[in-house]
Amino acid sequence: MKAELLACGLGVALCGGPFAVAGEVATAQVDFAATVGAMKPMHGVGQPPMLGIDTNLFHYMTEAGVPYSRLHDVGGWHGGNMFVDIPNVFRDFDADENDPANYDFAFTDILIQGIVDSGVEPYYRLGVTIENFFRVKQMRIHPPKDFAKWARICEHVIRHYTEGWANGFRHKMTYWEIWNEPDSEPGDCPMWTGSFEDYCRLYETASKHLKKCFPHLKIGGYGASGLQRLVQEKPRPHDVFIKDKLDEFLAYVKAHDCPLDFFSIHAYDMPGAPLLPAAMKTYAKYCRERLDAIGRAKTEISMNEWLPRWTGPGSARQAAVCASLLIALQQSAFDNAMIYDARPGTGLYSPLFDPSTLKPRPAYWALCNFNELYRLGREAKVGSLPEGVHAIAATDGKRLGKVFWANVGDHPAKVAFSAPGWRVLSCQITDDWRVNTVVSSLPELPQNSFGVLTFVAVK
């Protein structure tokens with residue numbers, strides 16, 4: 001039905017004028033002629049929607065235009081003993097790292113080929129999967145016993161997937177991330193049993209070696225656990241510690257002149273720090289300022305894990321907050337982002353797919369809607385909005401424009417998006433009752449809702 005509406009320009013009672021709503025309205029001016037920058041790849045995902053080695057759900061990434069899929073925590077406990085993790089692809093650390101026979105790429109090859117075939121670029125985390133039962137026993141989260149050898153093993157993994165080494169591939173895989181979240185207090189970290197100084201030394205060794213081998217690729221890290229401390233009225237000691245480690249890492253990078261093509265960081269709801277648009281922008285601003293202060297103005301910032309976990313997994317409320325965060329990410333200093341994650345799981349970290357039906361949840365359509373603007377290419381200017389309503393606009397620079405909006409306020413919002421010289425071609429909405437539904441009119445923006453307005457220039 002949507003295609004028919006777009007083709008004939010019908011189904012929207014607002015054609016011939018700006019998007020209007022009944023009653024008292026707040027008017028948000030949209031200027032498609034005033035572009036403010038490029039649309040950025042903010043609708044990436046963590047783990048792809050894999051079921052064992054079954055890639056049948058990967059078409060959903062294609063349809064959402066997902067730009068990147070980050071490969072971390074892939075395959076369950078210990079990477080399922082098959083996928084991605086360095087101990088899975090190089091099983092005997094004492095073996096000769098130059099001998100292709102000592103590598104086991106079989107399952108990771110299937111995974112990565114499925115991602116590539118879906119039109120998505122893999123974003124590879126070099127390291128290990130989180131060990132949530134680390135207090136019982138730590139298995140693989142210890143610092144490598146030989147940092148230089150670990151770096152050479154990673155080199156051969158990269159060569160396998162980008163240069164054809166060991167009967168490999170020549171995939172486009174730009175981002176190579178060194179470890180993940182090594183920044184919790186010693187003895188209380190499910191990702192790293194060493195000191196943070198140990199991690200900094202590993203990063204220095206690996207980043208210098210890999211950048212020398214692959215100057216054209218982007219080498220970075222470290223998957224920082226977050227900056228919740230910046231927005232907490234009463235910061236937890238844990239969050240203060242994590243922020244201090246971020247600052248310590250950047251100081252180390254400067255002092256030791258380490259390569260850092262991208263700095264990666266994570267953001268989740270934490271006590272006293274709900275993940276809302278203002279917080280996301282605060283985290284981006286801090287990272288950008290700190291990187292600039294150490295002379296790394298060209299270093300990208302990657303928000304490669306983010307999720308409002310506590311806002312009702314699978315609900316329209318969570319989906320609307322996710323939509324508002326995609327908007328905030330686009331408006332922030334972040335360069336790319338990946339929601340955590342795309343697994344069809346039963347826990348708090350699976351916002352995109354229903355595990356019982358394997359069908360998309362409402363938040364999936366937030367990625368799809370964002371992609372409609374991403375494909376247009378250029379972000380356009382949107383005027384002021386009521387509290388709780390967030391929006392971005394984009395244009396192809398010709399005759400097509402779109403507005404992506406989200407209402408996470410406590411009440412419905414009466415908002416008119418006015419674009420002089422343009423008329424509304426269609427509108428679609430996701431809320432508590434509808435999922436990506438094309439509607440003929442929209443008297444208000446319901447709470448817990450998001451959607452897209454498509455405009456066409458009037459000749």
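**Legends to the views of the predicted model**

**View 1. Overall fold of the chain.** The chain has 459 residues and a radius of gyration of 23 Å, which agrees with the value near 23 Å for a compact globule. The model shown is predicted. Along the principal axes, its C-alpha atoms fill a box of roughly 70 × 50 × 40 Å. The chain contains 10 helices and 16 strands.

View 2. Of the 459 residues, 58% count as buried. Among contacts with a separation of 6 or more, 74% come from residues 24 or more positions apart.

**View 3. Lys 40 in its loop.** Lys 40 lies in the loop that runs between strand E1 (26-38) and strand E2 (44-45). The relative accessible area of Lys 40 is 17%, so this residue is buried, the cut-off being under 20%. From Lys 40 to Trp 192 the C-alpha distance is 32 Å, and the two residues are 152 apart in sequence.

**View 4. Surroundings of Lys 40.** Leaving aside neighbours within four places in sequence, Lys 40 is in contact with Leu 329, Gln 330, Ser 332, Ala 333, Phe 334, Asp 335, Phe 370 and Tyr 374. In the case of Ser 332, the backbone oxygen lies 2.7 Å from a polar atom of the Lys 40 side chain.

Technical notes. Residues numbered from 1 in each chain as written. Predicted model: local features only at pLDDT ≥ 70, side-chain atom pairs only at ≥ 80, totals over all residues. Heavy atoms only, no water. Helix = DSSP H or I, 4+ residues; strand = E, 2+ residues; numbered from the N terminus. Rg over C-alpha atoms; globule rule 2.2 N^0.38 Å. Buried < 20%, exposed > 50% of the residue type's maximum accessible area, 1.4 Å probe, protein only. Contact = heavy atoms within 4.5 Å. Polar contact = N/O pair within 3.5 Å; in protein donor to acceptor, adjacent residues only side chain to side chain.
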